[in-house]
Amino acid sequence: MLKINNLHASVEDKAILRGINLEVKPGEVHAIMGPNGSGKSTLASVIAGKEEYEVTKGEILLDNEDIDELAAEERAHKGVFLSFQYPVEIPGVSVTNFMKTAINETRKAKGLEDMPAKDMLKLIREKSELLEIDRKFLSRSLNEGFSGGEKKRNEIFQMAMLEPKLAILDETDSGLDIDALRIVANGVNKLKSKDNAVIVITHYQRLLDYIVPDFVHVLYDGRIVKSGTKELAHELEEKGYDWIKEEVNA
Amino acid sequence: MELKDKLVSSFMAFENMVDIDAPVHDVRSEAIKSFEDLGFPTKRDEAWKYTSLNSLLKHDYSVFPKQENSLEFSDVKRYFIHDIDSYKIVFIDGKYASNLSQTTHDGIDVCLMSSALSKPKYRLIIENYFNKAATKDSLSSLNTAFSQEGAYIHIPKNKIVEKPIQIIHFSSGKESALLLQPRNLIVVEENAHVQIMERHQSLTDNAVLTNSVTEIFANKRAIVDYYKLQNDKPTASLIDNTFIKQKRESHASVHTFSFGGQLTRNNLNFYQEGERIDSTLKGVTIIGDKQHVDHNTLVHHIQPNCESHQDYKGIFSDRSTGVFNGKVVVDKIAQKTNAFQANNNILLSDKASINTKPQLEIFADDVKCSHGCTIGQLDDSAMFYMRSRGIPEKEAKALLMFAFSNNVLDSVKIPEIKQRITKIIATKLGVDIGFDL
């Protein structure tokens with residue numbers, strides 16, 4: 001589904017990704033871990049199409065199509081979803097209307113009619129129950145005054161609404177207490193199928209107890225320096241990242 | 001002849017048309033002298049540094065339209081908020097249009113300034129209120145000198161007026177250039193409540209300059225909500241001078257929606273003459289081409305324990321220009337004042353500009369005063385966030401601007417006005433809103 005070949009990317013001429021190779025197949029869950037500043041969030045943003053990042057070398061293939069030239073919204077229409085580490089506050093736009101707009105714009109891009117209001121309402125009800133989101137919450141301005149936990153839950157609610165092919169969860173566990181973590185993880189697990197894939201970016205192993213990865217990759221200094229299975233995550237949790245850095249630098 | 005000279009000499013002709021024995025005529029005579037001394041403001045005046053009247057003053061305006069004009073309601077219906085029951089005071093080229101109006105004397109007075117100035121039963125109110133809030137600046141003086149027609153509204157004690165009042169000034173274009181000087185007086189007695197909306201609308205491309213003065217008195221515990229819709233032709237200009245005097249525990253709000261016109265200058269002045277007063281000044285400006293909108297506000301906190309809230313948003317495209325000059329004065333005895341002021345702007349073109357200047361003069365020491373102004377483009381991170389959810393750039397931009405300006409509408413109390421403004425904003429920004437935001 002996703003194939004990244006020798007990806008180099010920079011922001012303001014500063015190289016951040018220095019040759020990433022990654023393949024994600026349908027039905028798989030990949031975890032990307034690594035110390036701060038290793039390039040995890042950059043990788044997520046580059047896949048989602050943030051314009052400030054420039055791909056200087058390599059390619060990102062989604063279903064064998066190079067998506068480098070596509071705008072963020074076009075990638076979204078093809079099924080890429082990024083759960084933001086820091087969701088943006090948008091005063092004046094309610095959660096519900098934001099989702100209505102997003103869904104109908106995506107349908108428009110696919111040549112479909114707007115979703116009938118009744119179906120939309122039903123979908124919103126169903127998905128908000130999945131994430132245990134209060135109905136009142138949906139009429140509030142998007143992310144404005146939300147707690148850290150509410151923001152993250154709202155991200156996964158959006159993911160549930162949009163049903164992406166490839167979901168990238170960027171530090172979705174940060175700022176979550178254990179109950180919220182469980183709700184969010186439960187939401188993600190319920191959305192998993194043999195046709196979609198998830199990339200979980202995290203600093204800690206905690207989330208991976210709930211969203212169990214098939215593969216774990218360690219990103220360091222803009223490269224994937226080690227890959228393994230979920231046991232690698234436990235090892236990192238125990239020993240930290242220093243041994244990885246030593247291995248790489250040696 | 002220069003417009004100033006023409007106006008000064010027209011005053012004599014004006015005196016032949018009005019009752020010069022009426023007490024207000026002394027006020028007029030004094031005012032024409034003030035105007036003669038002061039002349040039109042120029043860019044040398046601090047308050048007019050960023051707004052030049054030069055291009056407006058070169059027209060040869062008719063000061064007294066020669067003929068009476070009439071309009072059919074069906075032709076101008078769209079300029080009314082027509083889906084609600086309301087009182088209406090409508091003028092065409094400065095003359096009262098009875099067929100378009102719906103006035104009343106039933107418990108409240110919603111009628112004409114000309115009758116208030118001439119009939120004995122209004123004498124006391126005119127004596128107590130006429131020209132008691134307006135300042136003696138040149139443009140207000142000019143209006144005072146020629147004050148004769150406009151809206152007169154008097155709401156007695158404890159009266160809650162359910163129907164809003166619409167004041168609409170049309171200009172028909174029968175004159176090649178027309179100067180209008182409406183004069184409105186609104187007196188809201190103790191514990192009374194009224195909602196008013198005002199609009200100036202030119203119906204042709206001929207030049208129109210309106211120099212309007214509105215005096216509003218909100219007595220003890222009165223509630224006054226005023227809405228100004230400025231969406232005129234690119235050949236029409238407006239200088240709006242509004243003065244609001246508030247007594248204790250009264251609430252007054254003015255919402256100004258500026259979407260069109262060649263030059264629009266809003267001189268909006270609030271005077272808080274009692275305790276626990278609340279004043280709200282909000283505005284949305286969305287303009288393009290070479291339009292110019294200037295908001296010049298004053299809130300004078302004269303007594304303790306009062307609040308004022310100012311929130312002005314502007315979106316400027318093409319070569320349009322904006323000015324926000326917000327002055328807050330807190331007198332020494334006005335302790336525990338809460339005064340808030342915000343002016344946020346988005347510039348959509350390199351050629352558009354905004355000059356924003358908060359001015360705080362605080363003489364009390366136990367007050368909360370805040371002010372903030374921003375000038376910016378749209379937030380990149382918000383754009384990426386929306387686009388990553390599948391909302392294309394153009395729609396995301398429009399939605400963000402819509403949300404930015406629509407915030408101000410939260411405090412609009414008449415749903416039909418809110419809807420109308422929402423629609424205008426959406427149209428201006430090219431957003432298709434099949435929903436409420």
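Reply: What follows goes through those topics in turn. This is a predicted model: local features need pLDDT of at least 70, side-chain atom pairs count only at pLDDT 80 or more, and totals for chains, interfaces and linings use all residues. Residues are numbered from 1 along each chain as its sequence is written, and chains are lettered from A and ligands numbered from 1 in the order in which they are written.

Me: What is the strand order in the open sheet of chain A?

Reply: The order is β2-β1-β4-β5, four strands with antiparallel pairing. Strands are DSSP runs (E, at least two residues; helices are H or I, at least four), numbered from the N terminus, and two strands pair if DSSP finds at least two bridges between them.

Me: Which strands stand at the edges?

Reply: β2 (14-24) and β5 (65-66) of chain A; each has a single partner strand, so one side of each lacks a neighbour in the sheet.

Me: How many bridges join β1 to β2 in chain A?

Reply: Eight, with β1 covering residues 2-11. A:Lys3 has A:Glu23 of β2(A) as its bridge partner.

Me: Switching to chain B, what does UniProt place at residues 177-404?

Reply: An unreviewed entry gives "domain: SUF system FeS cluster assembly SufBD core" there. Such annotations may be inferred rather than shown by experiment. In the model that span is 9% helix and 62% strand, its end C-alpha atoms 37 Å apart.
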